[in-house]
Amino acid sequence: MKKIIVTLFGLMLFVFSGCDDEFLELSPYGEPSSSNFWKSESDIRAAVNSMYEPLTWDDMYGRGFFWYINVSDDMVTGRVKADPDKMKNFICTGNEGYTRNIWGNKFKIIKRANDIIINVPEMENVSQELKDRAMGEAYFFSGLMYMDLAYRYGDARAGIPIIDRENPLEFNIPRAANVSENYEYIVSEFEKAAQLLPVFSSYDTQDRGRAHKSAANAFMAKTYLYWAQYDASKYAKAVEAADRVINSGEHQLINTGNPAEDFRAVFSAANNWSQEYIWSVVSNTETGSILPGVMFENKGWGKYNGWGYYQPTKELFDEYDESDARRDVTIFKEGTVFKYMGEDFSWYQTSNNVTGYMFGKYTEPFEDASRLNPNGDKPTCDLNVPLMRYSEVLLIKAEALIADGKNGDAPLNEVRNRAGLASKTGATMTDLKHERRCELAGEWSDRHFDLVRWGDADAAYAQPLHSHDNSEAWPARPHFDPAVHHVWPIPPHEIEASNGVLVQNAGW
């Protein structure tokens with residue numbers, strides 16, 4: 001009988017069920033010993049599924065790195081909590097409970113990906129099609145996990161460690177010389193993934209949610225965009241990667257000519273797998289990303305246990321033109337009417353709310369209690385939380401073109417027009433920054449890092465943040481130092497565990 005050695009993270013069965021069984025089915029395997037595994041197609045599937053399982057962990061894509069996005073000028077921490085308050089005020093240590101384990105969790109997934117990449121090519125009596133897809137998924141996850149770490153912790157002074165696949169048991173690895181070295185490696189992982197992965201439309205319904213060719217190319221484009229901070233030649237590469245998504249024929253914006261309804265439709269469970277989808281956390285009433293509930297009104301006016309953590313600022317609300325259809329979908333304010341628990345509900349500010357606003361993008365499932373996790377302490381729902389949308393691919397292309405001295409009007413205006421806005425001619429970086437903020441507010445696109453890489457964070461954080469009535473919701477943070485706070489501190493326990501091989505980011 002086959003014996004499998006299982007870690008704390010193994011031996012869990014996740015069956016994602018939902019409308020028409022259109023969700024990814026996963027049976028993760030934990031950490032089997034190599035001597036009794038890697039024998040059959042079922043072993044490959046179990047190994048691949050193990051990479052997806054951590055996506056649903058709360059400190060990964062439920063909250064996790066979103067606490068670092070929360071430090072931006074788009075939102076405030078809606079409830080007083082010491083650890084996130086320290087992060088927002090740039091006085092954290094890396095030991096905060098909400099984020100201290102993410103570094104290790106990312107490397108756990110990298111380890112699982114590496115196991116596949118090392119072992120699958122040597123397997124016999126397994127179809128080449130399955131082997132290729134498994135390898136593609138592994139390269140994709142490796143690239144994505146390294147990317148999540150690289151730009152948050154790496155810079156020109158030092159990157160993050162790159163695990164040597166030839167020596168998988170060597171854990172104490174020094175940091176890469178710089179983050180550009182990381183970006184080069186990440187791009188190579190996404191390139192391999194894109195070569196091996198199928199297009200999304202080729203997947204059967206039960207495999208929706210798996211990595212696909214456009215996801216690899218989209219995150220490759222984003223990697224090149226971030227790399228261009230250090231090497232402007234990468235802007236052209238970002239355009240090339242974005243074009244592979246745009247020209248694939250697989251994707252388009254939801255655009256029926258009704259701007260308000262079209263943008264609202266993007267954030268509905270019925271469109272989890274629309275042509276605007278690139279990459280999401282597959283979610284339902286049992287598991288998935290808790291972000292919709294984390295952003296929802298704390299205690300949900302007595303009807304559901306929302307957590308009320310991330311609340312929009314007046315600065316974000318005022319960024320929108322009044323004619324911008326995205327504003328009232330993105331931000332709810334006093335008097336906003338939405339369907340809540342089966343009836344029309346008029347949003348109002350409670351004592352739990354700081355700014356008089358609430359993010360509205362993820363509220364569609366709250367129409368019906370049956371679409372919500374009955375456990376309010378695990379507020380998942382049937383809406384997949386997007387990590388990359390097609391509109392962001394268009395904006396990546398627009399930014400890369402404009403930053404490279406070229407015309408980015410076409411992709412920029414495709415996003416603007418869907419929002420009911422007139423086209424721009426000769427769009428500038430100022431236009432691009434505005435569009436990216438309005439389109440992607442409250443999403444994983446990371447407004448904070450946008451400000452950092454554009455060189456705008458210092459000025460933005462020197463100003464206080466406000467509530468709807470112009471009262472101060474968060475004081476100015478003039479102590480933000482762009483030479484220090486452009487990256488985050490590596491968790492101290494990871495440095496300690498490395499026996500001094502890892503070195504902390506300067507200033508932290």
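So, a helix here is a DSSP run of H or I with at least four residues, a strand is a run of E with at least two, and both are numbered from the N terminus. Hi everyone. What we have on screen is a predicted model, where local features need pLDDT of at least 70, side-chain atom pairs count only at pLDDT 80 or more, and totals for chains, interfaces and linings use all residues. Residues are numbered from 1 along each chain as its sequence is written, and side-chain values use heavy atoms, with hydrogens and water left out.

Let's begin with helix packing. Axes are lines fitted to C-alpha atoms, for helices over the stretch in contact, and angles run from 0 to 180 degrees between N-to-C directions. Helix H1, residues 41-52, packs on helix H6, residues 128-153, with the axes 10 Å apart and an angle of about 20°. Angles under 35 degrees count as roughly parallel, over 145 as roughly antiparallel, 65 to 115 as roughly perpendicular, and the rest as oblique. So H1 and H6 are roughly parallel to each other. Their crossing is left-handed, meaning the near helix is turned anticlockwise from the far one by less than a right angle; clockwise would be right-handed.

Now for another pair. Helix H14 (residues 390-403) and helix H15 (residues 409-418) cross at roughly 140°, and their axes come within 7 Å. That makes H14 oblique to H15. This crossing is left-handed too. The contact includes Leu394, Ala398 and Leu401 of H14, along with Pro411, Leu412 and Val415 of H15.

On to charges. Side chains of opposite charge can pair when their charged atoms come close. I call it a salt bridge when a side-chain nitrogen of Lys or Arg is within 4 Å of a carboxyl oxygen of Asp or Glu. How many salt bridges does that rule give? The count comes to 48.

Take Arg389 and Glu276, whose side chains meet in a salt bridge at 2.9 Å, N to O. This pair links distant parts of the chain, 113 residues apart: Arg389 is in strand S10 (residues 385-389), and Glu276 is in the loop between helix H10 (259-266) and strand S4 (277-281). Are these two buried or exposed? Buried means under 20% relative accessible area, exposed means over 50%, and partly exposed is in between, using a 1.4 Å probe and protein chains only. Arg389 has 3%, so Arg389 is buried, and Glu276 is buried because its value is 2%.

Compare Lys406 and Asp404, which also meet in a salt bridge, at 3.0 Å, N to O. Lys406 is partly exposed, at 48%, and Asp404 counts as partly exposed at 29%. Strand S7 (residues 337-340) has a covered face, with Phe338 and Tyr340, and an uncovered one, with Val337 and Lys339. S7 runs antiparallel to strand S8 (residues 343-346), and four bridges join them; strands pair if DSSP finds at least two bridges between them. Val337 has Ser346 as its bridge partner in S8. Two residues lie between the strands of this hairpin, and Met341 takes a positive phi near 50°. Thanks, everyone!

Conventions
Contact means heavy atoms within 4.5 Å.
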